[in-house]
Amino acid sequence: MPALRFARLLVSVLPWVVFPCTMPAGAADALVPYRVVGDGIPAPLTDTPGDPRRGRVAAANSTQGNCAICHPMPIAELPVFGNLGPPLDGVGARLTEAQLRLRIVDAKRLNPQSIMPAYYHVAGLRRVAPKFQNQPMLSAQEIEDVVAYLATLK
Ligand code: HEC
């Protein structure tokens, strides 16, 4: 009965079509591999150079980096800044791009007690809503954009 067989096939395949993100394949390699050298990540995560203008937006945006919730930073249009973290003014003169990259990717590599979120890390997190599972807070390109922006803060 080909029609019934087709219907069965459709029912079994449909969830993967409708909910592709529940498929286990690919989840493990969702992150670009990177290498920590000393206290930094010297190699960019992407081939496309970071764009400081997009990085400024990603750092300020409350649905992306939301860095200002913890850091005073020179973004005049933001109404308020938190002060749990140090001011980021001048951080591009204090830290190299490699150092900046590791601090955004996973600050806990340097200070396991850090309250700063690991923006490019998905393993070992608890209480993550299903739709955010296996997704870093910032994409590899957004990390590069934010690094490029911070490097301009001299
Ligand atoms: C929940 C609070 C919090 C958020 C959100 C946060 N940070 Fe941090 N950040 C900290 C703290 C606290 C430190 C101090 C070092 C530590 O404890 O790890 C820090 C340190 C840093 C440093 C090192 C500064 C220095 O002078 O050594 C950089 C760079 C940095 N953060 C960038 C960012 C960026 C960019 C974002 C957004 C993408 C961000 N942080 C979001 C709390 C935060």
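Reply: Two residues are in contact if their C-beta atoms, placed from the backbone, lie within 7 Å. The model is a predicted one. With that cut-off, the buried residues of α4 can be said to pack against α5.

Me: Which elements does the protein have, and in what order do they run?
Reply: The protein holds five helices and zero strands. Read from the N terminus on, its elements therefore have to be written with helices, given that helices and strands are DSSP runs numbered from that end. The order is α-α-α-α-α.

Me: How are α2 and α5 oriented to each other?
Reply: Helix α2, residues 52–60, packs with helix α5, residues 140–151, at an angle of about 100°, and their axes are 7 Å apart. Angles of 65 to 115 degrees count as roughly perpendicular. The two helices α2 and α5 are therefore roughly perpendicular.

Me: Which residues of α5 meet α2, and how do the residues of this contact divide by class?
Reply: On the α2 side the contact is made by Pro 52, Arg 54, Gly 55, Arg 56, Ala 58 and Ala 59. On the α5 side the residues are Glu 142, Asp 145, Val 146, Ala 148 and Tyr 149. By class, the residues of the contact of α2 with α5 are six nonpolar, one polar and four charged.

Me: Which element gives the most residues to the largest nonpolar core?
Reply: The largest nonpolar core has 22 residues, and those with the most contacts inside it are Ile 104, Val 105, Ile 143, Val 146 and Val 147. The elements that give two or more residues to this core are α2, α4 and α5. With six residues, the element that gives the most is α5.

Me: Why is α4 largely enclosed by the rest of the structure?
Reply: A residue is buried if 20 or more other C-beta atoms lie within 10 Å of its own. In α4 this holds for Leu 100, Arg 101, Leu 102, Arg 103, Ile 104, Val 105 and Asp 106. Helix α4 is largely enclosed because, of its ten residues, the number buried is seven.

Me: Which element gives the most residues to the shell around the ligand?
Reply: The ligand is surrounded by 25 residues, the closest being Gly 65, Cys 67, Cys 70, Gly 85 and Ser 114. Two or more residues of this shell come from each of α3, α4 and α5, and by class the shell has 17 nonpolar, six polar and two charged residues. With three residues, the element that gives the most is α4.

Me: How far apart in space are Ser 114 and Gly 85?
Reply: Ser 114 has its place in the loop between α4 and α5, where this residue is partly exposed, with 14 other C-beta atoms within 10 Å. Neighbours within four places in sequence aside, Ser 114 is in contact with Ala 107 and Lys 108. Ser 114 and Gly 85 are 29 residues apart in sequence, and their C-alpha to C-alpha distance is 9.8 Å.

Me: Is Leu 84 buried or exposed?
Reply: Leu 84 is found in the loop between α2 and α3, and touches Cys 70 and Ile 115 when residues up to four places away in sequence are not counted. Leu 84 and Ile 115 are 31 residues apart in sequence and 8.7 Å apart in space, C-alpha to C-alpha. With 9 C-beta neighbours inside 10 Å, Leu 84 counts as exposed.

Me: What is phi of Arg 127 near?
Reply: Most residues other than glycine have a negative phi. Asn 66, in the loop between α2 and α3, has a positive phi near 50° and is partly exposed. Arg 127 lies in the loop between α4 and α5 and counts as exposed, with 4 C-beta neighbours inside 10 Å. Phi of Arg 127 is also positive, with a value near 55°.

Definitions and conventions: Residues numbered from 1 in each chain as written. Predicted model: local features only at pLDDT ≥ 70, side-chain atom pairs only at ≥ 80, totals over all residues. Axes fitted to C-alpha atoms, helices over the stretch in contact; angles between N-to-C directions. Helix = DSSP H or I, 4+ residues; strand = E, 2+ residues; numbered from the N terminus. Parallel < 35°, antiparallel > 145°, perpendicular 65-115°, else oblique. Nonpolar A, V, L, I, M, F, W, Y, C, P; charged D, E, K, R; others polar. Core = buried A, V, L, I, M, F, W, Y, C linked by C-beta atoms within 7 Å. Buried ≥ 20, exposed ≤ 12 C-beta atoms within 10 Å, placed from the backbone. Near = placed C-beta within 6 Å.
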